[in-house]
Amino acid sequence: MILMAEVNWILYVVILAYLLVTLYLGYRGWKTTKDSEGYLVAGRKAHPYIMAMSYGATFISTSAIVGFGGTAGLFGMGLLWLTFFNIFVGIFIAFVVYGKRARKMGHNLKAMTFPELLGRRFDSRFIQWASGLVIFLGMPLYASVVLIGAARFMETTLSIDFDLALFIYSVIIAGYVIWGGLRAVMYTDAMQGTIMFVGMLLLLIMTYSHLGGIIPAHQALTNMAHMVPSSLAAQGHLGWTAMPAWGSPWSWTMISTIVLGVGIGALAMPQMAVRFMTVRSNRELNRGVLIGGIFILMMTGVAFAVGALSNVFFLQNQGNISINIAQGNADSIIPLYINAATPDWFVYLFMLTLLAAAMSTSSSQFHTQGSAIGRDVYETLTGKKGSQSVFITRIGIIVAVIVAVILGYILPDNIIARGTAIFFGLCASAFLPMYTLGLYWKGTTKAGAIAGLLTGTLVTVFWYLFIHKAEAVPLGVAKMLLGRDLLIEQMPWPVVDPILVALPMALIVTLVVSLITRKPEEEHLKGCFKGIR
Amino acid sequence: MLGIDDPWIWGVYLLCVLSAILCVVYGIIYWNREGELEAIEIKETSAWEESAEEMQEKELGL
């Protein structure tokens, strides 16, 4: 660990230089952002490298690296299933199957936000403002855990006050998002993505070479299976290079919440889907697939492999497994590992990597929340456009930042991965059925889309309050209303993630209601699907 | 395989690399495709730019 007094001037110079470049890019974006289109979809002329790196850097945050990397330290390499989903679903399917149509339809409908795309596709103001509201209310949790991830690393590395780090960091992000809009966010994202790539590549090389190569490192981890604490073994943990016992609580959490919840949820993330509408043609998306695929492998692939392998390092050097070294808080595993296992210069570089990862995601989150409240809720409900809605958007961003910081002080340990999974799962259940059907099935009706949105959202909320143990027990709503912790105590329900129930239900409801309600006007569909083959 | 006994784990380790390779191959094959804009899209783009300028005037008085 580096003590504050020992932190040399190089760190300050590096961070200062980084912040200056960030501010410069933010300023460049601000200078060229003159209207709401520039502010919301970057003028629709983003370069493929900028777009893909921005998508990737928004996708991957401190949540993925610190939170899920730490979760891999606890669960083991089974988390690589999430990496596979991240690449195959989050990049390949997202760009090729969803991105191209979303781009074209977004242009046809002149949509500037994700809720606006959905709202205009179904000719429904309700869909736009209700989706905006789901985003504005649901995203603070995700925004907050990203801030926590960055602040945890600073706390461990610099031994500085967690609260102070959180505060300074939030002020910087708020500044450039408020003044620059999406164009500024995308420029800085691309630079930050590049820094992240270099940092993670070096971390991979260092970890494997430190542990004697790829196969010896994995073998050492395999040989540690007998060291799984008995409390975890009882829940189905079979070692760090083995899947959990099928049907055990551990396997439900890993597969339903972490792999499926986050893996599928990425498709319907508003801050990522809006990026498809920023490019000029499908060619940019084709190129983006190449850049995005490598980028994500290097991010979550490395974070999860290294997170799991940290157990070998800590056993060899400190005689204990990672989660014990981290005193039970998985969120601290990656910061502790980096500080213990890598040279000082790398710790600085990695801090920059994480700062970049957090800033790129946070800025997009705040930007999305701001546009959700300004454009989707305020403009749709009042019908007032122009400078007033840009003003409300900026106010929305400030509110979003304040709420995220307050949550950052309140939320408990071990929250980063879970908080992320909750928001990803919510977006998947609420938006994915109407987004998918809206892009591919002309028979989807306005009533069907609304019914699906309400089903997905309400079932998810209900499940968290009454069924899913990890949230229902601490929230205490079931206890208050029913007099007991959970509505259903019978296994496996308390560990089944809402996405497994809410998403299929929402999909079925959207389909069934669409089949029995009035078809949309042919003229309207023509406008939506113009140029889509 | 790779020092890992469970086929579900070494399998997914390889699957991650393969899916990234899929993205690379797709990107290379389609690198230059679908870039051409149809006449209608060019018209749309210019209409867009006009409306953007209009919006700019209205919103910011520039």
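Leu2(B) is partly exposed, with 15 other C-beta atoms within 10 Å; a residue is buried if 20 or more other C-beta atoms, placed from the backbone, lie within 10 Å of its own, exposed if 12 or fewer, and partly exposed in between. This is a predicted model, in which local features need pLDDT of at least 70, side-chain atom pairs count only at pLDDT 80 or more, and totals for chains, interfaces and linings use all residues. Residues are numbered from 1 along each chain as its sequence is written, while chains are lettered from A and ligands numbered from 1 in the order in which they are written.

**Backbone features**

- Most residues other than glycine have a negative phi, and most peptide bonds are trans.
- Leu2(B), in the segment before helix H1 (7-29) of chain B, has a positive phi near 60°. Helices (H or I, at least four residues) are DSSP runs, numbered from the N terminus.
- Gln327(A), which is not a glycine, also has a positive phi, of about 55°. Gln327(A) sits in the loop between helix H14 (322-325) and helix H15 (333-341) of chain A, and is exposed, with 9 other C-beta atoms within 10 Å.
- The peptide bond between Met491(A) and Pro492(A) is cis, with omega about 0°. Pro492(A) belongs to the loop between helix H21 (477-482) and helix H22 (499-516) of chain A.

**Nonpolar core**

- The largest nonpolar core has 183 residues, and Leu79(A), Leu147(A), Ala150(A), Met299(A) and Leu354(A) touch the most other members. Such a core is a set of buried Ala, Val, Leu, Ile, Met, Phe, Trp, Tyr and Cys residues joined through C-beta atoms within 7 Å.
- Beyond its neighbours within four places in sequence, Met299(A) is in contact (C-beta atoms, placed from the backbone, within 7 Å) with Ile60(A), Ala64(A), Ile65(A), Met196(A) and Met200(A).

**Helix packing in chain A**

- The axes of helix H5 (residues 80-108) and H13 of chain A come within 9 Å and cross at roughly 165°. Axes are lines fitted to C-alpha atoms, for helices over the stretch in contact, and angles run from 0 to 180 degrees between N-to-C directions.
- H5(A) and H13(A) are therefore roughly antiparallel to each other, a term for angles over 145 degrees.

**Contact between the chains**

- Chain B gives 35 residues to the contact and chain A gives 39 residues.
- H1(B) supplies the most to the side of chain B that touches chain A, with 15 residues.

Definitions and conventions
Helix = DSSP H or I, 4+ residues; strand = E, 2+ residues; numbered from the N terminus. Contact = placed C-beta atoms within 7 Å. Parallel < 35°, antiparallel > 145°, perpendicular 65-115°, else oblique.
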